[in-house]
Amino acid sequence: MTAVSKFMYADHKCLDKLWSNFLSKKNDGTKTEKIFQEFSKHLKFHIQLENDFLFPKFDKYMGFTENNGPTPVLIKDHEVIILLLNDVEKKFKYGKETEIKNSSLNLKKFLVTHRNRELDMEYPIWDSFISYDELKVAVTKIYKNDFDLFDHIKVIIEDN
Ligand SMILES: [Fe+2]
Ligand SMILES: [Fe+2]
């Protein structure tokens with residue numbers, strides 16, 4: 001496993017950690033929402049890194065256009081994820097406890113499906129043509145000042 005998969009797997013792991021933090025705080029409304037916001041912000045960075053950097057690189061390398069290959073499917077997934085994220089946020093504002101729970105479960109279920117799809121389709125191929133330095137530039141640009149939240153990002157930023 002090289003730079004790209006190492007980083008992206010670590011990023012999935014970090015999201016899992018934020019998700020289980022979120023679940024463990026289930027009884028304290030304000031705190032739970034704050035932890036969810038943290039998860040949501042990080043997930044949006046992750047999606048942006050894939051949409052704006054990794055997918056276009058993949059398409060160029062593989063010779064796919066906008067309409068073919070696996071990227072359009074994964075981009076559509078990301079749109080669904082954003083809708084589901086918004087739904088959880090809305091439920092936090094206006095919904096009952098059970099609605100928050102159901103909405104969160106829908107999101108989690110879809111995230112698992114999506115992750116398996118992208119791990120199958122694109123993750124293993126990125127390693128063969130994206131360099132550590134290129135990834136570092138993209139991560140620095142997208143994750144901005146939030147490095148301290150994510151240990152694995154610190155590693156990749158400081159490690160060269
Ligand atoms: Fe993704
Ligand atoms: Fe991903």
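Buried residues (20 or more other C-beta atoms within 10 Å of their own, C-beta atoms placed from the backbone) make up 22% of the 160 residues in the protein. This is a predicted model: local features need pLDDT of at least 70, side-chain atom pairs count only at pLDDT 80 or more, and totals for chains, interfaces and linings use all residues. Residues are numbered from 1 along each chain as its sequence is written, with chains lettered from A and ligands numbered from 1 in the order in which they are written.

Student: How many helices and strands does the protein have?
Tutor: Helices (H or I, at least four residues) and strands (E, at least two) are DSSP runs, numbered from the N terminus. The elements run α-α-α-α-α-α-α from that end. The count is seven helices and zero strands.

Student: How far does α3 reach from its first C-alpha to its last?
Tutor: Helix α3 covers residues 71-94, 24 residues.

Student: What distance separates the end C-alpha atoms of α4?
Tutor: Helix α4 has 25 residues. At 1.5 Å a residue they should span 36 Å. The model agrees: 36 Å.

Student: Are α3 and α4 roughly parallel or roughly antiparallel?
Tutor: Axes are lines fitted to C-alpha atoms, for helices over the stretch in contact, and angles run from 0 to 180 degrees between N-to-C directions. The axes of α3 and α4 (residues 97-121) come within 9 Å and cross at roughly 160°. Angles under 35 degrees count as roughly parallel and over 145 as roughly antiparallel, so α3 and α4 are roughly antiparallel.

Student: How far apart in space are valine 80 and leucine 107?
Tutor: In sequence they are 27 residues apart. Val80 is among the α3 residues that meet α4, and Leu107 is among those of α4 that meet α3. C-alpha to C-alpha, the distance is 9.0 Å.

Student: Which elements do the buried residues of α4 pack against?
Tutor: The buried residues of α4 are Ile100, Ser103, Ser104, Leu107, Leu111 and Glu118. Contact needs C-beta atoms, placed from the backbone, within 7 Å. The partners are α3 and α5 (123-126).

Key
Expected span 1.5 Å × (residues − 1). Parallel < 35°, antiparallel > 145°, perpendicular 65-115°, else oblique. Contact = placed C-beta atoms within 7 Å. Buried ≥ 20, exposed ≤ 12 C-beta atoms within 10 Å, placed from the backbone.
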